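These notebook entries record what I looked up in the structure shown below. I proceed from the whole chain to single strands and residues.

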Amino acid sequence: MARQSAWPRECIGKLLVLSANIPTDRDRPLWIAISPLAAVLFLAACPASLSRTDVNSGNPDSGALPDSGGNPDGGGGSSGDGGSPDGGLLAWAPFSCPPLPAATGTTLRVGPAQVNDLAGIVSGASPDTTILFDDGIYRWSGADEASRRLNIRAPGVTLRSASGNAAAVILDGEYVTNEIINVLASRVTVAEITLMHAKDHLIHVTPPSGSSGITSTKLYGLRLIDSGQQFVKVNSNLEDGWADDGSLECSSLSMTDDGRTHVDTVSTDCYTGGIDAHGSRGWVVRQNRMEAIFCTIGLAEHAIHFWSGTRDTLVENNFIVNCSRGIGLGLGTGGTTTRTYPDNPYPDVSYIGDYDGLIRNNVIYSDNPYIDTGIGLENAHGARVYHNTVFSTPAATGLYSSIDYRFPGTLADIRNNLTYRITARDGAAASYLRANVEQTPASDFVDPAAFDFRLRPSATDAIDKGEVVPNSGLDIVGRPHDYGPPDIGAHEYRP
Ligand SMILES: [Ca+2]
């Protein structure tokens, strides 16, 4: 399938016009050669509707994984204040995410002038109500959390921008709001808006007290910038009610230098991270861009972290740039709130931090000394790590591990990954490692500095050297690993 075949002709035409004055490199496709400015032009020219596929489902064990495609910029996020998460977007330009379908049912429209009424409006919304936010910056005047936090209490409620432009609707917690949005019901959607500057979490997903659990949270096309603790938190109600079958897709999560000064350094040295989920089951994290979630003192939590008994998590096609730890399944050797399951699938294993996670076709890039791990597996049982490109430069610490697995509860199938180094420690159980490359040369890639991790034709250590694995997903340009034998890493080379 030709990469550009799904792009409407008018989009291509507008793009060519808009980029007419931008130098290009004839050795590369237009989408790689044009400048970051052109990324903005691209978004202006090519509406998100040019996406060709549904990205809203996915089950690591389904055996019939959907086509994925998507732009981690999050549905229209041109450069905005406070974060500029869009640099390097071009590495993913062939992907785009479809906009949400038009709202149906009851809709409410709100604007910045109503910001101090929002807590009541959202908390009192009837089931299946869509609240459409007008463009603007929303800043609250009260100092008490009750007047600021948006508690979504009814199932099926959606919060989204009216315009569909995430960068144009900004909810700014100003580091006064502890949690800007709290998801307390099933089938809640939060989409196509910007959330920034929470004291704790930008979004917290948790079943309310007395609930047996909530499901189907959809976080989509968001711009999430700077949060004092983890940007997105998912956890239980401590009454065995959990938050399952959610998704975070097509969003950007980025930390700025200013945001770094607001990180909680009391709970730990660096108590922040991207999405941090405890005990959830069936979540999908796909086509997001995470950037610069690190501290200069202390180690941030992962950009994507599922632990405390999480299960059946799918993490794919994400692009992670300079985050202390990239993707983690499990952490440590125990915990008081670890979820267990009635079917107890691995009865012989004493502690499991994550069950049966699948991490595939992600690109993780590290070039600063505050970065520790690309992919970390700790008591991750049944983990599969396929077709990831974990790239680091000499600027990353010498202790950097591209893929690290540890502790006796870990049993992992790690294949077809391009790395710098794979490490095992702390009695990690025998795992299945094949067809991985360590010390991958930068020359394998078209242009790492520009985040272009497509393979060069000279990358003979990777091309056709992989193994056929089940559920290998789609590569970073949205195609299956089926051009001859699979290539190692997140890109399948085609001449
Ligand atoms: Ca191949």
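How many helices and strands are there in the chain? I count five helices and 37 strands; helices (H or I, at least four residues) and strands (E, at least two) are DSSP runs, numbered from the N terminus. I note that this is a predicted model, in which local features need pLDDT of at least 70 and side-chain atom pairs count only at pLDDT 80 or more, while totals for chains, interfaces and linings use all residues. Residues are numbered from 1 along each chain as its sequence is written.

**Entry 1. The chain as a whole**

I looked up burial and found that buried residues make up 56% of the 495 residues in the chain. A residue is buried if 20 or more other C-beta atoms lie within 10 Å of its own, exposed if 12 or fewer, and partly exposed in between, with C-beta atoms placed from the backbone. I then looked up contacts, for which the C-beta atoms of two residues, placed from the backbone, must lie within 7 Å. Of the contacts with a separation of 6 or more, 74% are between residues 24 or more positions apart.

**Entry 2. The ten-stranded sheet**

I followed an open sheet of ten strands, paired in parallel, in the order β4-β7-β10-β14-β18-β21-β25-β29-β32-β34. Its edge strands are β4 (150-152) and β34 (422-425), each of which pairs on one side only. Neighbouring strands of this sheet are turned by 10° against each other on average, direction ignored; axes are lines fitted to C-alpha atoms, for helices over the stretch in contact, and angles run from 0 to 180 degrees between N-to-C directions. Two strands pair if DSSP finds at least two bridges between them. For β7 (residues 179-183) and β10 (residues 201-205) I find four bridges in the parallel sense, and Asn-182 has His-204 in β10 as its bridge partner.

**Entry 3. Lys-233**

Val-205 is 28 residues from Lys-233 in sequence, and their C-alpha atoms are 6.1 Å apart.

**Entry 4. Strand β6**

I examined β6 (residues 169-172) and found both faces covered: Val-169 and Leu-171 on one side, Ile-170 and Asp-172 on the other, are all buried. Strand β3 (residues 136-138) runs parallel to β6 and is joined to it by three bridges; Gly-136 has Val-169 as its bridge partner. Strand β9 (residues 194-198) also pairs with β6 in the parallel sense, over three bridges, and here Leu-171 is partnered by Leu-195.

**Entry 5. Strand β28**

In β28 (residues 363-366), Val-363 and Tyr-365 point one way, Ile-364 and Ser-366 the other way, and all are buried. Strand β24 (residues 319-321) pairs with β28 in the parallel sense over three bridges, with Phe-319 partnered by Val-363. The parallel pairing of β28 with β31 (residues 389-392) has four bridges, and Ile-364 stands opposite Val-390.

**Entry 6. An antiparallel hairpin**

Strands β36 (residues 445-447) and β37 (residues 452-455) pair in the antiparallel sense over two bridges, and Phe-445 stands opposite Leu-455. Four residues lie between the two strands of this hairpin, and Phe-451 in the turn has a positive phi of about 60°. In β37, Asp-452 and Arg-454 point one way and Phe-453 and Leu-455 the other way, and all are buried.

**Entry 7. Positive phi in loops**

Which backbone feature does Glu-174 have, although it is not a glycine? Its phi is positive, about 55°. Glu-174 lies in the loop between β6 and β7 and is exposed, with 12 other C-beta atoms within 10 Å. Asp-240, likewise not a glycine, has a positive phi of about 65°. Asp-240 is placed in the loop between β14 (232-234) and β15 (242-244) and counts as partly exposed, with 14 C-beta neighbours inside 10 Å.

**Entry 8. The largest nonpolar core**

A nonpolar core is a set of buried Ala, Val, Leu, Ile, Met, Phe, Trp, Tyr and Cys residues joined through C-beta atoms within 7 Å. The largest one has 114 residues, of which Ile-152, Ile-181, Leu-195, Ile-203, Leu-222 and Ile-293 touch the most other members. Beyond residues up to four places away in sequence, I find Ile-293 touching residues including Leu-253, Met-255, Ala-300, Ala-303 and Cys-323.
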